[in-house]
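This report describes the fold shown below, taking its sheets, helices, cores and some backbone details in turn.

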Amino acid sequence: SHTGLPVATVAPEVLSRLAAAIRGRTRLRFAYPPTRGSARAGLPQRRVEPYRLVAADRGWYLSAFDLDRDDWRLFRLDRMTEVSASTFTYRARPDEPDPVARLGAIPAESYPYTVIIHIDAPLPELAKWFGPHSSRLRALDADTTELRTGTDRPDAVPGWLVDLPARFRVLGDEAVRQAFAQAADRLRAAAQG
């Protein structure tokens, strides 16, 4: 992935507890708020069969089968509380979706900042470079591609694209443009010693 290190930090003991539950195919129970920032008290308990831990630009995610909703879900680890493993084990389900592909489907509008970049390269060439994140690309013409995505941290965006193999222009949003200007200033100062 070209999106840098996970942003949200998660306690190492929570990661190891989840990894152990995945290895042992043990069901998990935890509290999970319906939206970021909602009250933590009295949250409904989620019961899941955990499958994979995934690191992405927004933090760590757990890919799991939600027993109460009878469907696959992605849970942000930094929003999970009261995580406990049960004594119940489960048999692996054959229909696990690819969690990395599902992360790419999170709408850009759900992020506080919008990233809009025009790249001087054809879409098929860039699709290989962006991999699972190529759903964020669209061809403007035969030689120009638009990247439209979102971020929690504009200051992380220049690092995602520093080795992009084509010229590009940052159109938005203003916080992202400022982040590129500040990164350029830092790099210029570093090069001058």
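Helices and strands are named here as DSSP runs, a helix having at least four residues and a strand at least two, and both are numbered from the N terminus. On that basis helix H3 is followed by Gly131, whose phi is positive, near 55 degrees. The model is a predicted one.

## The five-stranded sheet

Five strands make up an open sheet with antiparallel pairing, in the order S4-S3-S2-S1-S5. Strand S4 (71-76) and strand S5 (81-89) are the edge strands, each pairing on one side only. From one strand to the next, the twist averages 45 degrees.

Strand S3 (residues 59-66) is joined to S4 by six bridges in the antiparallel sense. Within this pair, Leu62 stands opposite Phe75 of S4, and Tyr61 has Arg76 in S4 as its bridge partner. The hairpin of S3 and S4 has four residues between the strands, and Asp70 takes a positive phi near 55 degrees there.

Helix H1 (residues 12-24) lies across strand S1 (26-31), strand S2 (45-56), S3 and S5. The direction of H1 is at about 105 degrees to that of S2.

## The four-stranded sheet

An open sheet of four strands has the order S7-S8-S6-S9, with antiparallel pairing. S7 and strand S9 (168-172) stand at its edges with a single partner strand each, so one side of each is left without a neighbour in the sheet. Neighbouring strands of this sheet are turned by 25 degrees against each other on average, direction ignored.

S7 and S8 run antiparallel and are joined by four bridges. Asp141 has Thr144 in S8 as its bridge partner. H3 packs on this sheet, where it touches S6, S7 and S8, and its direction makes about 160 degrees with that of S7. Helix H5 (residues 174-191) lies across S6 and S9, and runs at about 135 degrees to S9.

Which residues of helix H3 (residues 123-130) are buried? They are Leu126, Trp129 and Phe130. These residues cover an arc of only 90 degrees around the axis, which puts them on the same side of H3. An α-helix has 3.6 residues a turn, so residues three or four places apart point the same way. The exposed residues Pro124 and Lys128 are carried on the face of H3 turned away from its buried side. The buried residues of H3 pack against strand S6 (113-119), strand S7 (137-141), strand S8 (144-151) and helix H4 (157-161).

In soluble globular proteins, nonpolar side chains tend to be buried together. The largest nonpolar core in this model has 18 residues, of which Ile117, Ile119, Phe130 and Leu161 touch the most other members. S6, H3, H4 and H5 are the elements that give two or more residues to this core. Not counting residues up to four places away in sequence, Ile117 touches Thr145, Glu146, Leu147, Leu161, Phe168, Arg169, Val170 and Phe180. Another core, of 16 residues, lies apart from the largest one, and its members include Val14, Ile22, Tyr32 and Leu62.

## A buried threonine

Thr151 is found in strand S8. Is Thr151 buried or exposed? With a relative accessibility of 3%, Thr151 counts as buried, because the cut-off for that class is under 20%. A polar atom of the Thr151 side chain lies 3.0 Å from the backbone nitrogen of Arg153. Leaving aside neighbours within four places in sequence, Thr151 is in contact with Tyr111, Pro112, Tyr113, Val115, Val157 and Trp160.

## Backbone details

| Residue | Phi |
|---|---|
| Arg25 | near 50 degrees |
| Glu82 | near 55 degrees |

Arg25 lies in the loop between H1 and S1, and is partly exposed with a relative accessible area of 29%. Glu82 lies in strand S5, and is exposed with a relative accessible area of 54%.

Where does Asp173 lie? Asp173 is in the loop between S9 and H5. A cis peptide bond joins Gly172 and Asp173, with omega about -10 degrees.

Methods. Residues are numbered from 1 along each chain as its sequence is written. This is a predicted model: local features need pLDDT of at least 70, side-chain atom pairs count only at pLDDT 80 or more; totals for chains, interfaces and linings use all residues. Side-chain values use heavy atoms; hydrogens and water are left out. Two strands pair if DSSP finds at least two bridges between them. Axes are lines fitted to C-alpha atoms, for helices over the stretch in contact, and angles run from 0 to 180 degrees between N-to-C directions. Contact means heavy atoms within 4.5 Å. Buried means under 20% relative accessible area, exposed over 50%, partly exposed in between (1.4 Å probe, protein chains only). The arc is that of the directions from the helix axis to the C-beta atoms. A polar contact is a pair of N or O atoms within 3.5 Å; within protein, one must be able to donate a hydrogen and the other to accept it, and residues adjacent in sequence count only if both atoms are side-chain atoms. A nonpolar core is a set of buried Ala, Val, Leu, Ile, Met, Phe, Trp, Tyr and Cys residues joined through side-chain atoms within 4.5 Å.
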